[in-house]
4 protein chains.
Amino acid sequence: MKVTVWNENIAEILTDEESQEYRNQVLAVHPNGIHNTVKEIIEELGDDVEVTTATLQDENIGLSDEVLNNTDVLIWWAHMGHDQVPDEIVAKIHQRVLAGMGLILLHSAHYSKLLKTILGTTGDLKWRDDTYERMFCVNPSHPIAKGIPEHFEVGAEECYAECFDIPKPDDTIFISWFDIGEVFRSGCTWTRGRGKIFYFQPGHETNTSYHHPVIRQIIKNATQWVAPTGYRENFGAPHIDETLEDLRAQGKL
Amino acid sequence: MKVTVWNENIAEILTDEESQEYRNQVLAVHPNGIHNTVKEIIEELGDDVEVTTATLQDENIGLSDEVLNNTDVLIWWAHMGHDQVPDEIVAKIHQRVLAGMGLILLHSAHYSKLLKTILGTTGDLKWRDDTYERMFCVNPSHPIAKGIPEHFEVGAEECYAECFDIPKPDDTIFISWFDIGEVFRSGCTWTRGRGKIFYFQPGHETNTSYHHPVIRQIIKNATQWVAPTGYRENFGAPHIDETLEDLRAQGKL
Amino acid sequence: MKVTVWNENIAEILTDEESQEYRNQVLAVHPNGIHNTVKEIIEELGDDVEVTTATLQDENIGLSDEVLNNTDVLIWWAHMGHDQVPDEIVAKIHQRVLAGMGLILLHSAHYSKLLKTILGTTGDLKWRDDTYERMFCVNPSHPIAKGIPEHFEVGAEECYAECFDIPKPDDTIFISWFDIGEVFRSGCTWTRGRGKIFYFQPGHETNTSYHHPVIRQIIKNATQWVAPTGYRENFGAPHIDETLEDLRAQGKL
Amino acid sequence: MKVTVWNENIAEILTDEESQEYRNQVLAVHPNGIHNTVKEIIEELGDDVEVTTATLQDENIGLSDEVLNNTDVLIWWAHMGHDQVPDEIVAKIHQRVLAGMGLILLHSAHYSKLLKTILGTTGDLKWRDDTYERMFCVNPSHPIAKGIPEHFEVGAEECYAECFDIPKPDDTIFISWFDIGEVFRSGCTWTRGRGKIFYFQPGHETNTSYHHPVIRQIIKNATQWVAPTGYRENFGAPHIDETLEDLRAQGKL
């Protein structure tokens, strides 16, 4: 399985003076960028998984046709740079998901072109920084919940709150509680074409959620769950040339 | 539409001395019993709806075959007396739901024989009294959510908490936040046979939720939504005697 | 309720000589165009429903902002002209659906920009003309199935066959059998934002399905089911300025 | 993983004279009984899977507490003997499913006490022998569909037809076409508690479906999919003794 971790990598490389304190906060949590923090999570899956990273600054944002056609699972973190992702690449990722590639949308990817295009809703929600989060597993038999406790303390995170404008999830696996009086469906799955999709809320850039052992386990479980069971090769709406009757007439049945 | 509101009516009629304070608390909220409080909610639906009550103390717990066969929507509140509901009547209600009768299960009915029998799960959850609840609508286009705000303050209620052992709901319409650090899928729907079912969490006997205008509206909306669109008359697994081929051979097509 | 029936109206007005026989076949079934046949179905809902038509040949394809903002349910028939529908209008319809407008996609609208954009899948299927269809209701308690028999003979129709590339339906209400050895999920629902969507397979332009009483009833039921229960007015991702704690501190709770 | 294949084993051992032709038909397809035919399918999963059989004639129908508590996946074939399965054992299987055991219900198990008890519906359908079946995969990304073609010829089978009285499946994976003009949701999944359930229609005792390579693959895929990801150990509705506030007050957070 080949996994590509994509990160806009904007906060990590801000150069203007007034942003340096913020940038340092991000780098204190993610010394090599969010993409490399997530890459290290995926590497814990062992040698059967090959993981690389790509960022907005790379040529073709790191997602050439060759890279994309060799990616089985794409993990996506983005926040400030949604508009900088070219529409043509969004369209290619969309097609690749329909063909079977797994997709994990992290945190502020709720507002990515990817989520809006593939799911067809706005991704709207409510938000506030500096809150406390506790996460509940409401679908304990789902493979993504394997080994995950009934609830656990996420700790300091950005509050994302309902009403989250998403299509009805195939499965709502996690629901989060926030101390300021909000709830959120924080882990949801969908299938589109042959591709499986998981949205997962934690991961504000200055919070340490991706170092939380339970959250790391969820991301690993999700990577395995969204992994393709096979790819669709032929698209289109073919005329049925050989009906059951035809097959019978030809002695093929 | 004929609605029957069933209440175990136990707390309301306790006679032992040490229970009188508790009983008075219940009667302070429900002067004529929980069934009559709920009946008044349903009466607000107007003259098209005929509503009666039944309790555990009535003959056949108020649910003779005649009553049941003339009930389009059954609303059920129970807590301490689950075991006193006869299995034969549970089986009859189950059959009536499969035939098309709507069913609204309120609050501690999560542990009723009805829920366990019809849904096939334990109804297990976690609980604690004297908490504060806020409810979020996560399915704003559902008819049960018509006119309901995105979120509203329930106020003092008994906390019911995840993981709630129910089958995956057809629709999860409400999710609740509790101040002690818990969340709960507080309004869920299922369909079984021709019957529609709504579970709704608020309604601890000493709390005033059923006097809350939004909660009253939800119960009214739910009554209209679970109302049958038609009844199934024939049960069984018939042999297909007239296939399409038969019909053609007989010149009926 | 205001219903707008949109039809590409292409087959009905073909002028080239070799298309006249085909055109006459269409007009024999739909003397005033498919839009007016469908309009007559909706008019059977009575005076509470106001129904108008729009076609590809109208200015702004008949869907100016004013028309769209006053449409509660949009019914869409299209086949050859998908590409002629402007992207900007597709985007506006998409937004209007997310705000609450109901949408019924008929027959070859499986390949419309609308379906592809709103649902995010290809709409691919297999097809063959001149087949025989029988339709089964597999969700008898759904409002769209009200009064519809367990199965009925559609008769001559174009076969649409699985695997239909759509997101998992909220509800699959009808499944069709075709004599050439194919099956199809012929009536499916989804919700996106506040909007409800129904895809319904019958309606090949030279077949008489829209004159079939059961199919007419299904379209009427669907129109009532997709009708909005309310509109969403505010889009965006607001910062939570008044948390529960804030409200308490301000004495508002 | 430990798999137990249960078969009522009635047709295989009929002793009355007039049943011998029928019995011989069954034994011609299943020389060692249906349970051993299915056992051989599961054995193809390799050494990681331990598979045993149990029948109605065994003590405790072969499902002692010890056997049941060591079974990870139970596969169930039954037809004439539904009533002979003791209610207490049905209740124990039900509890074991809620705890996490996977369950595969084959063919006429649609009318087993197990299906009726766990799913809460009648399992009613329509039927006719001696028909021709073709199966379509409508959920190609589901693990149970891994490696399965878009459609394939089942061949001679007993027709089971809609409307099938089951709760809305979590996933409908297969839909079947029958030559006599019927359709059927022939492969469906549900989750109850921690347990996953798969119903699969083929397997009439005198037909050879369980020797069909695609059907064998589906049964193997399903066995792996319903296998537990973990067991639930504690049942009940506990009082929440340590709230988030309590934990904070105790310095545990």
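**Which residue of chain B forms a salt bridge with D:Asp165?** That would be B:Arg232, with the closest N and O atoms 3.4 Å apart. A salt bridge here is a side-chain nitrogen of Lys or Arg within 4 Å of a carboxyl oxygen of Asp or Glu.

A quick note before the close-ups. This is a predicted model, where local features need pLDDT of at least 70 and side-chain atom pairs count only at pLDDT 80 or more, while totals for chains, interfaces and linings use all residues. Residues are numbered from 1 along each chain as its sequence is written, chains are lettered from A and ligands numbered from 1 in the order in which they are written, and side-chain values use heavy atoms, with hydrogens and water left out.

**View 1. Chain D against chain B.** Here 39 residues of chain D touch 39 residues of chain B, contact meaning heavy atoms within 4.5 Å. About 3000 Å² is buried between chain D and chain B, and carbon and sulfur atoms give 55% of that. Buried area is the accessible area (1.4 Å probe) that two parts lose on being put together, summed over both. On the chain D side, look for D:Trp127, D:Arg128 and D:Ile240: they supply 20% of the area that chain D buries against chain B, more than any other three residues. Between chain D and chain B the count is 6 salt bridges, and the pair of D:Asp165 and B:Arg232 is a salt bridge between these chains.

**View 2. Chain A against chain C.** In this pairing, 39 residues of chain A are in contact with 39 residues of chain C. The area buried between chain A and chain C is about 3000 Å², with 55% coming from carbon and sulfur atoms. As for who does the burying, A:Trp127, A:Arg128 and A:Ile240 supply 20% of what chain A buries against chain C, more than any other three residues. The rule finds 6 salt bridges across this interface of chain A and chain C.

**View 3. Zooming in on A:Arg232.** Side chains of opposite charge can pair when their charged atoms come close. C:Asp165 and A:Arg232 meet through their side chains in a salt bridge (3.4 Å, N to O). A:Arg232 also has a salt bridge with C:Asp124, whose closest N and O atoms are 2.6 Å apart. C:Asp124 sits in the loop between α5 (113-119) and β5 (126-137) of chain C, and A:Arg232 in the loop between α6 (213-226) and α7 (244-249) of chain A, so the pair joins two chains. Helices (H or I, at least four residues) and strands (E, at least two) are DSSP runs, numbered from the N terminus.

**View 4. Helices α2 and α6 of chain C.** Helix α2 (residues 34-43) of chain C packs on helix α6 (residues 213-226) of chain C at about 70 degrees, their axes 9 Å apart. Axes are lines fitted to C-alpha atoms, for helices over the stretch in contact, and angles run from 0 to 180 degrees between N-to-C directions. The two helices, α2(C) and α6(C), are therefore roughly perpendicular (65 to 115 degrees). Their crossing is right-handed, which is to say the near helix is turned clockwise from the far one by less than a right angle. From α2(C), C:Glu40, C:Ile41 and C:Ile42 meet C:Arg216, C:Ile219, C:Lys220 and C:Thr223 of α6(C). The residues in this contact of α2(C) with α6(C) split into 3 nonpolar, 1 polar and 3 charged. Ala, Val, Leu, Ile, Met, Phe, Trp, Tyr, Cys and Pro count as nonpolar, Asp, Glu, Lys and Arg as charged, and the others, Gly among them, as polar.

**View 5. The α2 and α6 pair of chain D.** Helix α2 (residues 34-43) and helix α6 (residues 213-226) of chain D pack at about 70 degrees, with axes 9 Å apart. That makes α2(D) roughly perpendicular to α6(D). The crossing of α2(D) past α6(D) is right-handed. D:Glu40, D:Ile41 and D:Ile42 in α2(D) meet D:Arg216, D:Ile219, D:Lys220 and D:Thr223 in α6(D).

View 6. The peptide bond from B:Glu162 to B:Cys163 is cis, with omega near 15 degrees. B:Cys163 is in the loop between β6 (151-161) and β7 (171-178) of chain B. In chain D, a cis peptide bond joins D:Glu162 and D:Cys163, with omega about 15 degrees. B:Ile61 is not a glycine, yet its phi is positive at about 45 degrees. Find B:Ile61 in the loop between β2 (50-55) and α3 (65-69) of chain B.

Methods:
Angles under 35 degrees count as roughly parallel, over 145 as roughly antiparallel, 65 to 115 as roughly perpendicular and the rest as oblique.
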